[in-house]
Structures are given as C-alpha cells and as structure tokens.
Amino acid sequence: MDMVAVEKKNILVVDDEKNIRFTVTHALTSDEFEIDEASNGIEGLKKSQERSYDLLLVDLRMPGMTGIEMLREIRRRKEDTPPAVVITAYGIPQQLLEAASLGAIDYVRKPFSIQTLRSIVRTILDRINLPGDFLPVTATEHLEVAKRKLMFGDGDGAKKHLQQAIALDPRNGEDFLLLGVCLLLEENRDQAKEAFQRALMIDPLNKTASEYLAWLAA
Amino acid sequence: METLSKDPTTAVAEFVRLFAHELNNPLATIRMSAEMLQTGTLPPEMQNEIVDVVFNETIRMEALIEQAVYYTAIPPANPLPVEIGQLLETVRDAETNSIAEEASPIAVEVANVTGLEQIGADGLQLARLLREVLANALQSGASRVELSARCDNDDIIFQVSDDGEGISAAAAKKIFQPFYTTREGRLGLGLATAKRIAEQHGGAIEVTDAAPAGTIVSIRIPNSAR
C-alpha cells in the first residue's frame, strides 16, 4: 500500500513570553504541525505577510503592537487571513469581542493544558476544512458551521445556525454564549444579555458568559 | 498599558486582575512543562531544558510577587544620613551584576557633583528607586548610562541618563503608571515603585527624551538632613 504523505499544517505562535513560545512550540511540534514563532505583534505581522499560515496563536497583551492590533492589520492588508486562536492570561470581554469581530472566536486562557491546546487547534483546522457544501444535521455540526461563518465575518449566517443548534438541543450553553457574542457584534446588548443569562442558567460555571454579563452591567 | 482607578476598591480589583495576568504567564509555562515531563518520553537533553525553564519561571514568579508586595506596601520613609557616592556605586554594582549575563557591556558612570557627602533620606528606599530607574535605562539599548547627583537649592537631583532608544511623548505620559511596560516579560511596576518612593520622600520624578538619542530620568529628593 502506498503511504500518502500528510502535509503539515503551519502554525504561527505570537507571544512576547519566550517560555510560552518554547513550551507551545514543543507541545505542538509533531507529524501534524510545524510551528513558527514571533515575539511581538510587529514580528507576527511581518511573518504573516511573508508566508502563508494555516493558523495563528496570538497573545492579546503584548508590548508595542497588541494581538488585536496585529490581527486588525493582517486583515487590513490581506483578504485571505488565516484563522486565529487568542491566547489570554485574563479574559477581558471587550478584547475577546474585538478579537471575535476580527474572526478570532476561539481562545485559550493561560494557564492551559497541552491537551486543551492541541484539541482546540485540531478543532479549528477541521472546521476550516469543512467542505463548502457541508450540510449540518446535528446541533454540534450547526455550532461548528456557525463558528466557521463567524470566523469569516458572516454574523447573520452564524446566528441562523446557532438558532438551529438551539432548536435541536437547547441545553448547550456554548450555543447561547456564541449567540450572545453575535448579538453583541451587532450591538444588540439587551438580547445579548438574555443569551448570556441563558448560557449561565445552563452552565453556572460558564466564566466567559459571566464576564460578559458583568461587563454589560458595568 | 493601563491606569489604575482612583476609587480604592476598583483600583484593588484592577491591580489584582493585572497581577493575575502576569502570574498566569509563568504558570502557563510551568503547567505545560510539567505535562511534557509527565509523558516520560522526552530525550534527556530536552528534559533538562524543560526543568531549567520551570526553575527560571519559579524564580521569576518570586520576583513578580516581591515587586507587587513591595509596590503595594512601601513602608514609611525612615530618613537617616546616606553617603551619596556610596549609594550611587552600590546601585550601579547591584544592577550591572544582575544583567551581566544577558546584555552586552554597558558603561555605567557615576558622578556625585553635589559637593555633599551625605543626604538625609531612607537609604534602602532610595537605592530601590535608583535601581528601578537604572534597570530601565540598562534595557533601553544604551551603550552608556550615567548615574549622577547634584544640588538644586535644598534638594538633591538624582539623574539617570542613557543614550538608548529614547522615549515618545505618549510613552512619557504613561511610564510611571503601574503595569505599563514596553518590554517583553516585564511586570511594569518598577518605575511606578520609583515614583511612589520619590513622592513618599516629598520629592518627584520625571522623564524627558534626550533627542537625538536617549532618555533622562530626574528624581528630586528634598534633603531632610538640612
């Protein structure tokens, strides 16, 4: 049987923390992924112009050019921007929302486990590889399609799939959380608040929904 | 990067949030490192490298905690006679020794032109203040730094000048704010601490851009011995 070589996915890690770059690089380097590093937003921007990446892992708070500023600049300069996962040491709703408006809807909070990181990276790459004509059937599939739509700036399309996901399974807090994000992106704060409240009712430990609610109340 | 609120309760919450942010960075590294070590499949040289990373990150966390604790609870100044020349040299030696491994040689010159041997001040706090300012100058890409003291009426002006990258007007406005930093892996409490100590002595601190190259930080300390 012929062995088919699987093309490695190229990931760029942008973090001002040298040791985070070191551990993330070693944790992800494998037959599946090839990792490149940038120590700040300016370097990340430069590298992303020079080469095409399948995924960016971006720290939000960096001296000089922040992760958000870098993502905004990449998007401004390039039509075809790679998906991004935000790495954050502390969830700040305003920043997460800004990242989401740039298509970076997934995030990991420091400290995170290698397993979490690998899992999120694989999920996003799978999501990106979904065929364009993929027809979701289950609630989980609708959620993934909604995320993909949001990543490409289609908030309306994302909302429709989230509503279908909720209709199929109204007990998934993540659907309501993402719906809240979609509503916030269209500045519908009242309905967003309701969505975050629903997310918290389903999962009282949903930290992000609780942070969004506190932020909306402030 | 951020300014703490004037409302004490909000300021505490913001301080804790920003400090937690800084601690979460080394914690993330330690956690991932532990996971990698746990697999037991790493080659020995990689294992050693990861153990070094963990060790360095714990030292860094200790330093971060020390800085935060010091900043939030600087004791009242206890003025005693302080030898100016000795103070400047001690500060220079302590700081240049601590960066010796990571930086190319930087000439640090010391000049006491006050005409005085002593001032009345809290020597420990003054040394801390000057170390924070000098540490900042040594990270500015400078090849030469001068640490000096002169008299201005009843005050002593300490100055740390460097020929490094300089400072923008925007950064000069924020540089003494807690958690403001433009440097990789730094907490951003050093110059905020320096400002607190200067003010605790009834003095002040300011930064000016020394175009075409470099920065001057001036610290005015009233001489309490007079």
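A residue is called buried under 20% relative accessible area, exposed over 50%, and partly exposed in between, with a 1.4 Å probe and protein chains only. At 9% relative accessibility, A:Arg21 therefore counts as buried. The structure is a predicted model, in which local features need pLDDT of at least 70, side-chain atom pairs count only at pLDDT 80 or more, and totals for chains, interfaces and linings use all residues. Residues are numbered from 1 along each chain as its sequence is written, chains are lettered from A and ligands numbered from 1 in the order in which they are written, and side-chain values use heavy atoms, with hydrogens and water left out.

A:Arg21 forms a salt bridge with A:Glu37, and the closest N and O atoms are 3.4 Å apart. A salt bridge here is a side-chain nitrogen of Lys or Arg within 4 Å of a carboxyl oxygen of Asp or Glu. The pair links distant parts of the chain, with A:Arg21 in helix α1 and A:Glu37 in strand β2 of chain A, 16 residues apart. Helices (H or I, at least four residues) and strands (E, at least two) are DSSP runs, numbered from the N terminus. A:Glu37 is partly exposed, with a relative accessible area of 28%.

A second salt bridge joins the side chains of A:Glu32 and A:Arg122 at 2.7 Å, N to O. A:Glu32 lies in the loop between α1 and β2 of chain A, and A:Arg122 in helix α5 of chain A, 90 residues apart. A:Glu32 counts as partly exposed at 35% relative accessibility. A:Arg122 counts as partly exposed at 36%. The side chains of A:Asp36 and A:Lys47 also meet in a salt bridge, at 3.2 Å from N to O. This pair connects strand β2 and helix α2 of chain A, its residues being 11 apart. Shared partners join A:Glu34, A:Asp36, A:Glu43, A:Lys47 and A:Arg51 into one network of salt bridges. Over all chains, the whole structure holds 30 salt bridges.

Strand β4 of chain A spans residues 84-88. Five of its five residues are buried, so β4(A) is largely enclosed by the rest of the structure. A:Ala84, A:Val86 and A:Thr88 point one way from the strand, while A:Val85 and A:Ile87 point the other way. Strand β3 of chain A (residues 55-59) runs parallel to β4(A), and four bridges join them. Strands pair if DSSP finds at least two bridges between them. A:Leu56 has A:Ala84 as its bridge partner in β4(A).

Helix α3 of chain A covers residues 67-77. Its buried residues are A:Gly67, A:Ile68, A:Met70, A:Leu71, A:Glu73 and A:Ile74. They pack against β1 (9-14), α2 (41-50), β3, β4 and α4 (93-101) of chain A.

The interface between the chains comes next. Contact means heavy atoms within 4.5 Å. Chain A gives 24 residues to the contact and chain B gives 29. The two chains bury about 2,400 Å² between them, with 62% of it on carbon and sulfur atoms. Buried area is the accessible area (1.4 Å probe) that two parts lose on being put together, summed over both. Two salt bridges are counted between chain A and chain B. The side chains of A:Glu17 and B:Arg60 meet in a salt bridge at 2.6 Å, N to O. The largest share, nine residues, comes from α1(A).

Two cis peptide bonds are described here, one between A:Lys110 and A:Pro111 with omega about -5 degrees, and one between B:Ala211 and B:Pro212 with omega about 10 degrees. A:Pro111 sits in the loop between β5 (106-109) and α5 of chain A. B:Pro212 sits in the loop between β6 (204-209) and β7 (215-222) of chain B.

Phi of B:Asn153 is near 55 degrees, a positive value in a residue other than glycine. B:Asn153 lies in the loop between β4 (144-152) and β5 (155-162) of chain B, and counts as exposed at 69% relative accessibility. Phi of B:Phe179 is near 70 degrees, again positive in a residue other than glycine. B:Phe179 is placed in the loop between α5 (169-174) and α6 (190-200) of chain B. B:Phe179 is buried, with a relative accessible area of 0%.
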